[in-house]
Amino acid sequence: LKKLEQLLAKLELNKDSLESRLADTNIYLDKNKVLLKDLLQQQATNQKELESAEEAWMEVSEELQLLPH
C-alpha cells in the first residue's frame with residue numbers, strides 16, 4: 001500500500017508538471033510541434049499509469065478492510 005501511495009504521489013506530481021508545461025501558450029507555436037506531441041504522449045501515458053495505480057490502490061485498500069482486525 002505504501003509503495004502504491006508513493007507511486008500515486010509521483011504520478012500526480014508528473015501530471016501537474018505536464019499540465020503546467022501544456023498551459024504555456026508558447027508550446028502551441030509551430031516551432032514546438034514535436035515537443036507538444038511528446039508532452040501530449042507523456043500526458044496520455046501518465047494518465048493511464050495513474051488510473052492503473054489508483055485502481056490497484058483501491059483493490060489493496062478493500063482487501064485490507066476485509067482482514068480481521
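**View 1. The buried residues of helix α1 in the predicted model**. In this predicted model, the residues of α1 that count as buried are Leu4, Leu8, Leu11, Leu18 and Leu22. Viewed down the axis of α1, these buried residues fall within an arc of 90°, so they line one face of the helix. An α-helix has 3.6 residues a turn, so residues three or four places apart point the same way. The buried residues of α1 pack against α2, which covers residues 33-66.

**View 2. The face of α1 turned away from its buried side**. This face carries the exposed residues Lys2, Lys10, Leu13, Ser20 and Ala23, whereas Leu4, Leu8, Leu11, Leu18 and Leu22 are the buried residues of the helix. Helix α1 itself runs through residues 2-23 and has 22 residues; from its first C-alpha to its last it reaches 31 Å, close to the 32 Å expected at 1.5 Å a residue.

**View 3. Asn32 in the loop between α1 and α2**. Asn32 has its place in the loop between the two helices α1 and α2, and it counts as buried because its relative accessibility, 18%, lies below the 20% limit used for that class. When its neighbours within four places in sequence are left aside, Asn32 is in contact with Asn26 and Ile27.

**View 4. Ala44 in helix α2**. Ala44, whose place is in α2, is partly exposed, with a relative accessible area of 35%. Between Ala44 and Val60, which are 16 residues apart in sequence, the distance in space is 25 Å from C-alpha to C-alpha.

**View 5. The protein chain as the setting for the close-ups.** The secondary structure of the chain comes to two helices and zero strands, and along its principal axes the C-alpha trace spans about 60 × 15 × 15 Å. The radius of gyration of the chain is 17 Å, whereas a compact globule of 69 residues would have one near 11 Å. Of the 69 residues in the chain, 19% are buried, and the chain exposes about 5600 Å², of which carbon and sulfur atoms supply 55%. Among the contacts between residues at least 6 apart in sequence, 67% join residues that are at least 24 apart.

Methods. Residues are numbered from 1 along each chain as its sequence is written. This is a predicted model: local features need pLDDT of at least 70, side-chain atom pairs count only at pLDDT 80 or more; totals for chains, interfaces and linings use all residues. Side-chain values use heavy atoms; hydrogens and water are left out. Helices (H or I, at least four residues) and strands (E, at least two) are DSSP runs, numbered from the N terminus. The expected span of a helix is 1.5 Å times one less than its number of residues. Buried means under 20% relative accessible area, exposed over 50%, partly exposed in between (1.4 Å probe, protein chains only). The arc is that of the directions from the helix axis to the C-beta atoms. Contact means heavy atoms within 4.5 Å. The radius of gyration is taken over C-alpha atoms; the globule rule is 2.2 Å times the number of residues to the power 0.38. Accessible areas come from the Shrake-Rupley method with a 1.4 Å probe; for residues, only the protein chains shown count as cover.
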